[in-house]
Amino acid sequence: MSYFISPRQQTDLKVDAAELVKAIQARWPSVEVHFPTSSASNHGLEWVVAIADRRLEGSLDKTGQVLHLVGDVEDCARFATWYRALVPPRYGLAFYDEGYSADVELADGTNEAQL
């Protein structure tokens, strides 16, 4: 499944790709990280994390505001709650599916079960 994390409104949030890489590597040392070189790509950063026998693919868009996750919903929810702790609380974030048919406020203290 495909999920996204982003602010609900326009903000000045700009997640630094290099800092995000460091944080992901600290949490998941075996992560595979790629910086797309094609100007046609909307991604500034891509990664793949192995969780148990599954893969969680992720990307950060070039604006530094939108994360795209592809994987098991539980793995995506776990990543989302971890990511929420990295982003200052003043930025409201939403966790939602590809069609935006289901969305959840990703607030401080949101847990995986709520997502």
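Predicted model: local features only at pLDDT ≥ 70, side-chain atom pairs only at ≥ 80, totals over all residues.

Reader: OK, and how many helices and strands does the protein chain have?

Author: There are 2 helices and 7 strands. Along the sequence they come in the order β-α-β-β-β-β-α-β-β.

Reader: What's the radius of gyration, and what would a compact globule have?

Author: The protein chain has 13 Å, and a compact globule with 115 residues would be near 13 Å, so the two agree. The C-alpha atoms fill a box of roughly 35 × 30 × 25 Å along the principal axes.

Reader: What share of the residues is buried?

Author: Buried residues are 43% of the 115. As for the accessible surface, the protein chain has about 6,400 Å², with 51% of that belonging to carbon and sulfur atoms.

Reader: And charges? How many positive and negative side chains?

Author: 10 positive and 17 negative, with the centres of the two sets 5 Å apart.

Reader: Switching topic: strand 5. Which way do its side chains point?

Author: They alternate along residues 67–70.

Reader: Which way does strand 1 run against strand 5?

Author: Antiparallel, with 4 bridges joining strand 1 (residues 2–7) to strand 5. I5 has L67 as its bridge partner there.

Reader: How many bridges join strand 4 to strand 5?

Author: Also 4, and strand 4 (residues 54–61) runs antiparallel to strand 5. On that side, E57 has V70 as its bridge partner. Strand 4 and strand 5 form a hairpin with 5 residues between the strands, and G64 takes a positive phi near 80° in that hairpin.

Reader: Now V15. Where does V15 sit?

Author: In the loop between strand 1 and helix 1 (17–27).

Reader: A loop residue, then. Is V15 buried or exposed?

Author: Buried, because its relative accessible area is 15% and the cut-off for buried is under 20%.

Reader: What is V15 in contact with, neighbours within four places in sequence aside?

Author: L20, L60, G64 and Y83. G64 is the hairpin residue with the positive phi. V15 and G64 are 49 residues apart in sequence, but their C-alpha atoms are 4.6 Å apart in space.

Key
Residues numbered from 1 in each chain as written. Heavy atoms only, no water. Rg over C-alpha atoms; globule rule 2.2 N^0.38 Å. Buried < 20%, exposed > 50% of the residue type's maximum accessible area, 1.4 Å probe, protein only. Areas by Shrake-Rupley, 256 points an atom, 1.4 Å probe, with all protein chains shown as cover. Lys, Arg positive; Asp, Glu negative; His and termini not counted. Charge placed at Lys NZ, Arg CZ, Asp CG, Glu CD. Pairing = 2+ DSSP bridges. Contact = heavy atoms within 4.5 Å.
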